[in-house]
Amino acid sequence: MNYKKRHFGSYGGRYIPEVLYPAFEELEEAYFRLKDDPDFIAELIYLQKHYIGRPTPLYFAENLTSDLGGAKLYFKMEGLAHTGAHKINNAVGQALLAKKMGKKRLIAETGAGQHGLATAAAAAKMGLECDVFMGEVDMARQHPNVLGMGVFGARVIPVTDGSRTLTDAVNAALKNWTERVSDTHYLLGSALGPHPYPAMVRDFQSVIGEEVKKDILEIEGRLPDKLIACVGGGSNSIGLFNTFLNDDVELIGVEAGGEGPDTQKHAIRMSGNGRIGIVQAYKSYFLQDDNGSLKTTHSISAGLDYAGIGPELAHLADEGRIKFTHAIDSEVLDAVKMTARREGILPALESAHALAEAFKQAPKLSGDSIIVVNISGRGDKDLFITGPYFDGKNWKAFLQNEIKRLSGETS
Amino acid sequence: MTGITRLEKLFKDTPGVKLMTHVVGGFPDIQTSKKLIIEMANSGSDIIEVQLPFSDPIADGPVILAANYTALKNDVRTSDVLSMLEEVRKEIETPLLVMSYMNPLFAYGFEKFFDKMVSIGLDGVIIPDSPPEEKDDDPAALCDERDLAYVPLIAPTIGDKRIGQVAAVSKSPFVYAVLRLGVTGKATNLEDDLLDYIDTIRKLSGKYVAAGFGIKDKSQLEKLKGHADCGVIGSAVIRLINKSIEEKHDPVKAVGEYIRELTS
Ligand SMILES: Cc1ncc(COP(=O)(O)O)c(C=O)c1O
């Protein structure tokens, strides 16, 4: 197999334990065979349209545009996709692939629970068994998604190792796969991990950018000046950017600034904090200590709370093609509030990182420039985090009443 | 005499199934891990592999993973493990391998790390996430240049053709065969097909074979006779250390007794 295909510059690759070799060979062979297969494509397009609800709208945020008094702001509404985020694009694509490969069971890792939820839904739809690995800490803070996965018939398996967050869930899923490769597909949720995942996830997410390109040409007759997306592992950003890589369009990735770049509580990997490493079977930038162990990260949004980043993004950053910046937790909450008040749209905390950056940039640009922001998900899932911030007193009272009500019912 | 030469001599000169035991550097603490290594050597271990603690050991099961985390919580660094091994080397002649994932070595610098190993008198490395296709850092070649044994890992899932390829990446006199699917630490029945598999590896690699993952008692080691050249014990030792600590016994003494029993 040729070296170039497995790597993006010097990043990526496939640093897997030998036991997984046949599983990866099988997956790679199947993916590169099926991705251009007309029947596979037709089935995927059908599912995208009728199950996911694609295309998602490209929405002109008229009120915010006039408030900010600069560039025109467009939102790509991935939050309107089925299960509430872009994650479903990849989940449906890989679930279809798994089915074609004759697999009976899907496993997945999840942080925020959005990818787990999408995978659980896709598994239910395709009639596949589903186990989702989730760190105990994430389970505690994202309970609504834990509940949702269960309703879709998936088993959520708590991961109690290490920091008990997304990174440990990835390790647990990989290990589980080594124990049961023959009937199981590992449905990895972002554009990272060992080859072919970064390329495959990018391909399944590229529909985001393709739709944006078509719509903006129709509406504005030209390409946008800037595209802005939040970056966890990198799937919604590369999905938006991929089709524009060779166009004269500025690409901006926004990482989780957490409590600030000068604290230890953030997930900023690309602005000088992360170092190159080989972790979880791929080479990229990681937040790590001097001994090569991953650092614990922090973000108000569980979906961006991860120490690694997709290898293609690392490469495109080195090349200067993508610029990286960050938004801190307080800016993110303000961006959620502003978007909700002014546009009647409740973005996910992850996506609000991209919005925060857009709100900083828009006023500095002239009225004929265009910014497209990827609203990768909707914010309903975050109500237990944003609730106390938006309306602390009543939210607490509501929860207390709920507990009373439930205790009354069960006692 | 160190490195490939020392290991070659061990396999050539010592009859029967040899024993390789595993320690996580800095578990349960750095001083105890030093004593454990020395005690293992004195009780009959033929080779000792010392793991560098790491946050993301993707090929290890829960027992070894938890030991990694204990060491990291104790703030054990790669340099601490190397200093400890430097002291150990002054006391024992037993072959010592470093087991590490790619990133701790990458962070330290592969060449710098291997040079340090040579200067201390360590003998080889086992890297579970370093497949032969990834040539960027090529630890196998760097080890060959230094007469360090880069010990390839071979899994039962891979085909015959690949066994030969993987075994041929370095000049190591032996390969490490993974006896069961999955990760370290769950029981292995040494069924006939696994023994056949070891024979196949021996034939196709043309090298000595250490067989590991899941072995814990003497009867399992005995079944390897005539098939493998070495049995590897990992999680079982760490379980014993955990149990000893829990019961307020000396883990070093317990491990010594256990190994003496295995090698008697
Ligand atoms: C809504 C939303 N946006 C963004 C992300 C970040 O992931 P990625 O960078 O792969 O798009 C997540 C991850 O869970 C998410 O749920």
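I started at the ligand and found one of its oxygen atoms 2.7 Å from a polar backbone atom of G232(A). I keep in mind that this is a predicted model.

**Entry: around the ligand**

I looked up G234(A) next, and here too a polar backbone atom lies 2.7 Å from an oxygen atom of the ligand. For S190(A) I turned to the side chain: one of its polar atoms is 2.5 Å from a ligand oxygen. I listed 19 residues around the ligand, and the nearest are S190(A), G232(A), G234(A), S235(A) and S376(A).

How many cavities of 30 Å³ or more does the structure hold? I noted five.

Where does the largest cavity lie? I saw that domain 1 (8–50 + 87–201) and domain 2 (54–84 + 206–386) of chain A both give residues to its lining, so the cavity lies between them. I also looked for elements of chain A that supply at least two lining residues each; among them are strand 5 (105–110), helix 6 (114–126) and helix 9 (166–179). Helix 12 (235–241) and helix 15 (349–361) of chain A belong on that list as well. By class, I wrote down 10 nonpolar, 18 polar and four charged residues for the lining of the largest cavity.

My next stop was the second largest cavity, with a volume of about 170 Å³. Of its 18 lining residues, S130(B), P131(B), P132(B), Y150(B) and V169(B) come closest to the centre. I sorted this lining into 13 nonpolar, one polar and four charged residues.

**Entry: an open space**

I finished with the largest pocket, which has a volume of about 470 Å³. It is lined by 26 residues, and those closest to its centre are L294(A), K295(A), T296(A), S55(B) and Y69(B). Helix 9 of chain A and helix 3 (62–73) of chain B each supply at least two residues of the pocket lining. I counted seven nonpolar, nine polar and 10 charged residues in that lining.

Why do I place the largest pocket between domain 1 and domain 2 of chain A? Both domains give residues to its lining, so the pocket lies between them.

Methods: Residues numbered from 1 in each chain as written. Chains lettered and ligands numbered in written order. Predicted model: local features only at pLDDT ≥ 70, side-chain atom pairs only at ≥ 80, totals over all residues. Heavy atoms only, no water. 1 Å grid on protein atoms, 1.4 Å probe; cavity = no way out; pocket = protein on both sides within 12 Å on 5 of 7 lines; lining within 4 Å. Points joined across faces, edges and corners; volume = space filled by probe spheres on them. Helix = DSSP H or I, 4+ residues; strand = E, 2+ residues; numbered from the N terminus. Nonpolar A, V, L, I, M, F, W, Y, C, P; charged D, E, K, R; others polar. Domains from an automatic or database assignment. Near = heavy atom within 4 Å. Polar contact = N/O pair within 3.5 Å; in protein donor to acceptor, adjacent residues only side chain to side chain.
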